[in-house]
Amino acid sequence: MDDFVSGLANPTLTDEQLVARAKEGDTDALEMLFLRYRQPVFRLVYRSVQSVDDAEDIVQDVFLKAFERLHTFREQCQFSTWLMRIALNLCTDRARTQKRHAELLQREATHKLAWMTHPNPPEPEEVFQQDAFHEAFYTALNRLPEHHRQLIIMRDLEEMEYETIAEILHTSVGGVKLRVMRARRAFKALLEPLLRELGEIE
Amino acid sequence: MNKLCGQFVEWLESEAWELPQVWREHLQQCATCAKLWRQEQAYRNLVSKVRSEPVPNSRLAWRAIATRLPQPTPQSNRTVHLAWSLAISVILIIEGWWLLQNSTNRNEPLPAIAHKPTVPSSKPADTVKPNTEPTTMTLNLSTPHSDGVPSTSPSRRIARATPPKSEPPALTTPSDSEVAVMRYYRSEGTRSMGRSRGMERTPHTEVAMLPLEPIEPLDKEPVEYLPVQYGEPSTTHDQAGSPQPESNQEGIHDAILCSF
C-alpha cells in the first residue's frame, strides 16, 4: 500500500509531513491540506468580508497563493498560521480596494437572500431584532481601522489564542493583548451609540 | 474610590467573566462603574450573539484550486534534471574537444620554409623599405627520403622557388607552419589615405592552410615511351641524294622523327 494512502487514512498525519510531501510535488498532500484548512480560512475571511461569494473568491486566492509559494514556506511557524496570515493580507487588500458602500449593498443582498432561502425562517420580530444587532455590530466593525478589525475578528469572534494571533502578526503575546485592548476600546466607542439606539444600554 | 474604579476598569479589560464579591459591592456604591459594567455586558452579549451565528460552509471544491495550480515540479526531479543536463554538457564539451584535437593532428601541415627573396639590384632603392621586406612562403611537401627518387607511394612535391643552398632553417613548430603571414607592399600614399579616413588597415593577410589531400598518381605502372630522335630535316638528305646510314635506318623504323 502506498505510504500516502495510509497517511490519508490516518488523520494524525501532521501538517509538517503534508507540507513536506506537497513540496515534493505530491498533489494529494495539497488536497489534504486544502480540505483540512478550507473551512477555518473561510470562517475568518467570511467574518471579514461578510459575503459568501467574496469569501469563496478570497479563500481560493489564499490557497492558490499558498500552494504556489509553498517552497518559500519555512517551518518557523505553523502552516495554519502562515495560511491565516495570507488570508488576512488578502482581506486587507480587498478592504482597501473595495468601496464601503459596495460592501454594504452586497451584505444587504446576501442577508435578504439568506433569509428568503432559509428552510425554517424565524419569527419576524426575532429576525428584526437579530438583524438589527447584527447590522449594528458589523456597521461598527466596518468603521474600525483594518488592524483593529482583524484583532476583533480573531480574538472575539474566532476566539483565537493570544499566542496564535501573536504568531500570525509577528509580534509578542503582550503586544497582542495591548492591541486587542485598544481595538476593543475603539470598537466599544463606535458600538455604544448603535446599542443605545437599540435600547441595549442607557 | 478612584483607585477602586481604576482597578475595576483593569479587571474589565482582563476578559474575566465571573464578577467577584468585591466588585459587586463596589458596583452598588459606584454609578459610573455600574454603567461601565452594563456596557461591558451589552458588548459581551452582542459579541456572543454574533459569534453564535452560523457561518455557512465553504462550497469551494478542490477542482477549482487544482485546475489553476501550475504543474508541480518536485525538487528531486529538478535535481535529477539538473544533474543530467550537466552530465550531457560535460560529455559534449569533452567530445568536441577530442574531435578538435583529432582533426588538428590529422591535418597537421608539413613544415613551411620561409625565406626572403633577393631584391633585384635593378630596382630603385627607395622602392624597398628595409623594415617592410616581403616574406614568401614555400611549402616543402616532399617526404625527406624521397628526394630525387621516384617511388610508387604518392609523393607530394612543390618545386622550391629558390635553390636549397639559400634556404633558411625551416619553421618546424605547428604555430609557425599552420598560419603563414604574408606582407604586401603598400605605397606610403595608400597608408596615409587609410589613416586620414580613420580606417586602420592591417598590413597582414593570414593564409590558412587547407588540409592536404593525397595525390593519386595517374600511372601506377611504368610507361615505356617511344624513342624520340632529333635529327635534321629530311629535305637535307633528299637534296644530297646520299643514302641514309643503316644505323639510323633501324631506329627510324620505330622512331618518331621530329623536324623543326
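1. A residue is termed buried if 20 or more other C-beta atoms lie within 10 Å of its own, exposed if 12 or fewer do, and partly exposed in between, with C-beta atoms placed from the backbone. By this criterion, 30% of the 202 residues of chain A are buried.

2. The model is predicted; local features need pLDDT of at least 70, side-chain atom pairs count only at pLDDT 80 or more, and totals for chains, interfaces and linings use all residues. Residues are numbered from 1 along each chain as its sequence is written, and chains are lettered from A in the order in which they are written.

3. Chain A contains 10 helices and zero strands, where helices (H or I, at least four residues) and strands (E, at least two) are DSSP runs numbered from the N terminus. Of the contacts in chain A with a separation of 6 or more, 63% join residues 24 or more positions apart; a contact requires C-beta atoms, placed from the backbone, within 7 Å.

4. In helix α2 (residues 15-23) of chain A, the buried residues include L18(A), R21(A) and A22(A). They lie on the same side of α2(A), because they cover an arc of only 100 degrees around its axis, the arc being that of the directions from the helix axis to the C-beta atoms. After α2(A) comes G25(A), with a positive phi near 100 degrees.

5. Chain A contributes 31 residues and chain B 29 residues to the contact between them. On the chain A side, α3 (27-49), α4 (52-68), α7 (124-143), α8 (146-157) and α10 (173-197) each supply at least two residues.

Technical notes: Two residues are in contact if their C-beta atoms, placed from the backbone, lie within 7 Å.
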